[in-house]
Amino acid sequence: MTLSPFDQMKTASNIGGYYAAIKNSPPAMSQYVTVGSNPFTGFFFALEGSSQPLLSHVALAVASKLTSALFNAASGWLGWKSKHEEEPAQKQKPKVEPATPLAVRFGLPDSRRHGERICLSPCNTLAAVTDGFGRVILLDVTRGLAVRMWKGYRDAEVGWIQTVEDLHERETEKMDFSPFGNAQGPSRVAQFLVIYAARRGILEVWSTQQGPRVGAFNVGKCCRLLYPGYKIMGLNNVTSQGWQPQTYQICLVDPVSGSVKTIHVPFHLALSDKKSERAKDMHLVKKLNALLKAKTSDPDLIEAEAKELILDIKYPATKKQALESILTSERVPLSSLTNITQTLMDNLKKQELECVDEGLLQFCANKLKLLHLYELVSKLNSQSIQKDTPPSDNDLAKLLRLEEKDFRRLETLLENYKKENTQSTVQFADEKDDSLSVKMFLEYLEYEKDMINVKNMEDGEYVALGSFFFWKCLCGESSIEEMCRALESAGFSPQILLSLLLNLWLSKEKDILDKPDSVSCLHTMLSLLSKMKVAIDESWDTQSISPWWQQMRTACVQSENNAAALLSAHVGHSITAQIVDSVTEKKFSQIIVGSDTESWEALSLDTEYWKLLLKQLEDCLILQTLLHSKVSRRTKRVSSLQTEPLGRLSVKKLLEAGKGGIADTVAKWVFKQGFSPLVLNLAQHKTNTDRTDESVEMHTPIFFEEPEEDAGLETILELLQLAYQQFPCSLEVDVLHAHCCWEYVVQWNKDPEEACFLIRSIDHLRCIVNAHVQHGIALMMWNTFIVKRLSSATYLMEKVGKAPKDRLCRRDVGMGDTAMTAFLGCCSDLLQTLLEADVSSDEMQAPVLDTEDAWVSVEGPVSIVELALEQKRIHYPLAEHQFVLCTILYAIMRFSLKSVKPLSLFDSKGKNAFFKDLTSIQLLPSGDMDPNVLSLRQHFLVKVVSAVVQALCSSQKAKEVSEEELFPFEKGKNWPTLAVDLAQYLQVSEDVVKRHYVCELYSYGMDHLGEEAYLQVADKEVLASQLLILAGQRLAFALLHVQTKDGTELLARLPPTLCTWLKAMNHRELQNAEVPIAVTAKLISKVMEHLPENHGQYNLALNLTEAVEAISQ
């Protein structure tokens, strides 16, 4: 423990007398306290000479030792050790310091008393000692005095508990300027002595030093109290300053029950004098909480006890805490809550004014008002009134100030919305729309300056409060006038009531649409709220905007329940027009007396804003109805991306989504449904021209791929037409196709395995009519999503020199081999579309992008179409150069070609130009190409043609699986023509490719296709000589390898030259040698037609003709 200078001087005087020398700093020492006999308690002090050595001395000593140790170790490493050092040193016994006798400095001399145990307190200032007389003595360790004694505790066990004050529980007392009077002061510490009297089986807790007993527990006679009543050995008054005391945990072990019990003492139990009242108050609060939680079924008993407890509490803050506990209890009925609050309030009023806490009195008054309001509203909700007859359609139309035609249109829109909006809501059987517990009611509301405010809370809680007030009124089951009067007199502002009413109305859309009479109830309620004081500002005129109506419009704009919002907007518009008319009549009544004013309509800024909002809400409702509609999918596989639900719309969302927001929303819906792009065109076509049902039915199979799933498509077409009519600019067909194209490619980028998304994106791109839009969208797709993956695919195929396997495709390109094949085909189609759009854009003007009048104020991101129109024009030769590479890559993957490196088909200029920005000018190959490269190109094209014919032959053999089912992305792809086009791009003779195609067809025995292709060849003489060899191979197979008697005889009759030539023919080069002889005869006659008589092989052809005729006979 640390000594003060006074303690140091006092100790020095006691030991050394008057002339004792006193050092500047106290010496390091340890204090020991013992108990026993003679003396009963002794105090010993072990001095350690002087204070701790200086740090420099310690560093010097350590350095000398370290140098010595290093020198000894180094000598051993270098072989300098002496013989004596090399011998292992004998183990020496550790040196033990001789004991230092300590003389007792002072003590408590009591010859008859024998001390048994001593237990030190956590803060080292006190100690408890038990003796042989059954006493417990409290010692002041610092002064060496016994300050307190307890009798009658024979064989007792003692321990300590130290409790720190919680600053959050501290409350400022009036006129208390102590440092502990505020929550920012230091925490106070209290110590309690725990005594376990084993013989009596009781555990007691005492407040030290002069405090009372604060707790007693019956615990049994066989327990043990465990507490470490000492400190760590070896610490002195210097070293103990840096040592943090451990958390002392005291516990009671009960061997009978096998339990361990801990002891916790609240800080307030240490407070004395007037502070003991606070302890009593806290005890009463705990007792009250226990009463509220007890399983007592008698509410009168709870009420009586709660009154007694709350009146016994002294401190106002604790009274308030107790009252809050009662008000938040769900087990206390409303009548009891009112009685308890009233009793407390009456008690406060009886007291002297100086003693009454004004805050508590106001709190009670406010809570009492709320309780009376709750009782009144509950009473009004429970009173059933006679319902009026539901208003007719004409009455509703007049109420909303709508023409019959407009009212019918509104009805149709709401019916369509109800039909398509199948969103289900869960409601439990015991939940009622107008039920709200007192606890929740008091939590939601608060009084401030005689006005009721609603606290910040979640939407569901806000709706629950509004439902409690207004739902019965909206259903026509409660008096609207009485409810509004009650709420106004209670202190609600009209703005809060309007907010509660609108939140309820907009959240109960499904119930409202099923109750048409609720519209007239809403009209009545809004009219009454509008007539309240402070609702509509008296200074408001028709040329300014009223904050009251603006609040209502804002709620409608933000709502995602468009049908409810539209109905409330119609009601708001109707009431606004009614008020404006009455104001105008008053103002101009003297001027226009006697004139006919029934057909007049007074204009105001608010009514114009209402009309704008009505148009926006109607548009939003139509769009939401469209988004809810869907076609059932029974067999078609659906991607997980297409099953994610679409978000609900609101006017606010559309206004913040930018100019392309509406088209983007519809595009997302089209993606979820997976419609063909031509569906959009069909709906647009039906919008522009009146077509008969027969023509629509005739076109339907063209536009929908699965006719058996076309149920409900007619409805969707009607909804689409309605959306087109509402949004002639935002849903213009090119704009919609552009957004659909972009949506599909974005979704494909998320999951590249879904190649059908990219294919569908290209389909939408091709449906765009305006070349400027098409060009911009295609270029953006290329730069954003395509070029990087295409580059990876190209270098992978160059590396492996063939069509890569699935594993490599997934590793380098991020998709499987089948998906990569489709991807390369789409790349080729995309570039082809881009090239066509670039040419067509010269012949047409860029479109002018307009916006509907109701949506001119939209803000947000730039639309896709606007970005597309800002794109630069491509450099046509560079795009064409890239297109050639894409087609080559596609052919390699489609036909699984081997030993082909795509980049080897181009020179260095061509390679460097790939994957560059298509709008830039690049150095491209020009002039004559290297013969080696041309040779490789021709070899590649020959391979492609062979693979094409092989695939064609295979598909004809396997008739059950069509080519389109295997490769759905190859619709209308004519590979022979494509190969010829490639030959033109690659500077290879087109006729070579065409001749090879014809030869391959005949080689596979598809002579009927070969005859058609024959007509496309320019140099028919060369082709005829090639086909002559092919005919010879067929004849050689028939005569030499099919062993028949007739064949052998015929061979003997043939000219020797022909026989020798036939034997030289290798029939294994034919892919299909088993061709009927009549077909071969037809082939030879075609050869004869195109071989001139002076040709070297003409005679051979004549001999072949004769031989075939002989075989045919």
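Residues are numbered from 1 along each chain as its sequence is written, and side-chain values use heavy atoms, with hydrogens and water left out. Because the model is predicted, local features need pLDDT of at least 70 and side-chain atom pairs count only at pLDDT 80 or more, while totals for chains, interfaces and linings use all residues.

Helices here are DSSP runs of H or I with at least four residues, strands are runs of E with at least two, and both are numbered from the N terminus.

Threonine 607 lies in α19 and is buried, with a relative accessible area of 1%. Not counting residues up to four places away in sequence, threonine 607 touches His573, Thr576, Ala577 and Val580, where contact means heavy atoms within 4.5 Å. Leucine 612 is also found in α19, but counts as partly exposed at 33% relative accessibility. Together with Ile545, Leu605 and Tyr609, Leu612 makes a nonpolar surface patch of about 300 Å². Such patches are made of residues with over 30% relative accessible area and no salt bridge; like charges are joined within 9 Å, and nonpolar side chains (Val, Leu, Ile, Met, Phe, Trp, Tyr) within 5 Å. The accessible areas come from the Shrake-Rupley method with a 1.4 Å probe, and for residues only the protein chains shown count as cover.

Charged side chains come next. Side chains of opposite charge can pair when their charged atoms come close. A salt bridge is a side-chain nitrogen of Lys or Arg within 4 Å of a carboxyl oxygen of Asp or Glu, and by this rule the count comes to 33 salt bridges. One of them joins aspartate 763 and arginine 760, at 4.0 Å from N to O. These two residues are three apart in helix α27 (residues 755-767), so about one helical turn separates them. Aspartate 763 is partly exposed, at 23% relative accessible area, whereas arginine 760 is buried at 10%.

Another salt bridge, at 2.7 Å from N to O, brings together the side chains of aspartate 806 and arginine 810. Both residues lie in helix α29 (residues 806-812), four residues apart, or about one turn of the helix. Aspartate 806 counts as partly exposed at 26% relative accessibility, and arginine 810 counts as partly exposed at 43%.

Aspartate 838 and arginine 873 also form a salt bridge, their closest N and O atoms being 2.9 Å apart. This pair links distant parts of the chain, 35 residues apart: aspartate 838 sits in helix α30 (residues 817-840), and arginine 873 in the loop between α31 (864-869) and α32 (876-894). Aspartate 838 is buried at 7% relative accessibility, while arginine 873 is partly exposed at 39%. Elsewhere, salt bridges that share partners join Asp110, Arg113 and Asp131 into one network. Returning to aspartate 838, its contacts beyond four places in sequence are His775, Arg873, Ile874 and Tyr876. Aspartate 838 and glutamine 774 are 64 residues apart in sequence and 8.9 Å apart in space, C-alpha to C-alpha.

The last theme is aromatic rings. Rings of Phe, Tyr and Trp (its six-membered ring) pair if their centres lie within 6.5 Å; planes under 30 degrees apart count as stacked, over 60 as edge-to-face and the rest as tilted. The structure holds 25 aromatic pairs. Among them, tryptophan 548 and tryptophan 549 form an edge-to-face pair, 6.3 Å centre to centre with 75° between the planes. Tryptophan 548 is buried at 1% relative accessible area, and tryptophan 549 is buried at 0%. Phenylalanine 906 and phenylalanine 914 form an edge-to-face pair as well, 4.9 Å centre to centre with 85° between the planes, and both are buried. Finally, ring pairs link Tyr374, Phe441, Phe468, Phe469, Phe470 and Phe492 into a cluster.

Conventions. Buried < 20%, exposed > 50% of the residue type's maximum accessible area, 1.4 Å probe, protein only.
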